[in-house]
Amino acid sequence: MGLANSLDAYLILAGVLFAIGTFGFLARRNAISMLMSIELMLNAVNLAIVAFGSFIPGLKADGSIIALMVIAVAAAEATVGLAIIIAIYRNRKTPLVDEYDAMRR
Amino acid sequence: MRGWLNLLGAAIAGAVVTTPALLVFVLGGGSVDDALFVALGTLMLVSALLVVTMRDIIRCGLAMIVAFLALAGIYVVVGAPLVAAAQVIVYIGAISVLILFAIMLTQSKAGPARLVFHAQAAPAAVAAVILAVLITLGVSATDWAAVAERTRLATAELARILFQDYVLPFEVVGVLLLAAVIGGVFIAKREEDPG
């Protein structure tokens, strides 16, 4: 079968993980759950990048380096995102996003 | 009684993860890499599903750690051990702890949310399934000009390229992290006098 040696298998795995993250982002009410779903989607993209870097001969180390950059930027995103959520929680006393309606009223 | 139930649940979860891998191992001619790939992929997808569906958000955070760990294993299988190490250090070591602390800070005793999902959960599920099918079809239909054997990347070579060709992006990422940390502290800081 050679699943571990086919690029398609890794890309499909990454695609399914991305779809799961999309569902979580659209369906969860808790802001931190949405942030966790974003992390899942970032990880799926990272898996696709690493798989490309490992299977396409033209970009040998580039895939891994881009993946490392993405991990660093994801860390920055998580820091700022959680700080924003905590700041909003301090004002509104709830982590549920559908109760953040200050701009709708 | 509860301990036995937990044990039973763990056994069922282990069976769910290992059965496809054993099937692939037996049917696919005994390739250990294939079995590892299937086991880690199943573990990752199952725990990712638990992350987006479970009710208790702290358990979602713990399932997310399992998903990250399985993904690190997949990085090792695909041949990028340094990325796997970075995954373990950054995601499991830093981001997961950050998220768990944020969960503990924002769960009020008054109301752990009775409703986990929005009303739009069912359309979101349909959209996610359609997205997965589309990606699968697109991936299968495309010829990627990929080699048939994955290349294992030596860490020494990666370090040379990172610090020669990519040294400017490396430094920029450092500055970005510093700015993000300062900004995060500034945003989350408690303001002494409002207004």
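**Talking through the model**

Reply: Chain B averages a pLDDT of 86, and 94% of its residues score at least 70, where pLDDT is the predictor's confidence in each residue, from 0 to 100. This is a predicted model, in which local features need pLDDT of at least 70 and side-chain atom pairs count only at pLDDT 80 or more, while totals for chains, interfaces and linings use all residues. Residues are numbered from 1 along each chain as its sequence is written, and chains are lettered from A and ligands numbered from 1 in the order in which they are written.

Me: What ipTM and pTM does the model score?
Reply: The model scores ipTM 0.91 and pTM 0.90.

Me: OK, how many helices and strands in chain B?
Reply: Chain B has 7 helices and 0 strands, with helices (H or I, at least four residues) and strands (E, at least two) taken as DSSP runs numbered from the N terminus. Its radius of gyration is 21 Å, well over the 16 Å that the globule rule gives for 195 residues, so chain B is more spread out than a compact globule. That radius is taken over C-alpha atoms, and the globule rule is 2.2 Å times the number of residues to the power 0.38.

Me: And what box do the C-alpha atoms of chain B fill?
Reply: Along the principal axes, the box is roughly 65 × 55 × 35 Å. The domain assignment gives chain B a domain 1 (1-107) and a domain 2 (154-195), with bounds that come from an automatic or database domain assignment, and the C-alpha centres of these two domains of chain B lie 28 Å apart.

Me: Switching to chain A, what's in there?
Reply: Chain A comes to 3 helices and 0 strands, and its C-alpha atoms fill a box of roughly 55 × 25 × 20 Å, taken along the principal axes. The radius of gyration of chain A is 17 Å, whereas a compact globule of 105 residues would have one near 13 Å.

Me: How much of chain A counts as buried?
Reply: Of the 105 residues of chain A, 58% count as buried, while for the 195 residues of chain B the figure is 26%. A residue is buried if 20 or more other C-beta atoms lie within 10 Å of its own, exposed if 12 or fewer, and partly exposed in between, with C-beta atoms placed from the backbone. In H2(A), 22 of the 25 residues are buried, and that helix is mostly covered.

Me: How do the chains meet?
Reply: 80 residues of chain B are in contact with 66 residues of chain A, contact meaning that the C-beta atoms, placed from the backbone, lie within 7 Å. The largest share of the side of chain B that touches chain A, 13 residues, comes from H4(B).

Me: Can we zoom in on one residue?
Reply: Take B:Ile74, which is found in helix H3 of chain B and is buried because 26 other C-beta atoms lie within 10 Å.

Me: Which residues is B:Ile74 in contact with, leaving aside neighbours within four places in sequence?
Reply: B:Ile74 is then in contact with A:Leu47 from chain A, and with B:Phe37, B:Leu40, B:Gly41 and B:Met44 from chain B. The C-alpha atoms of B:Ile74 and B:Ala39, 35 residues apart along the chain, are separated by 9.5 Å.

Notes
Two residues are in contact if their C-beta atoms, placed from the backbone, lie within 7 Å.
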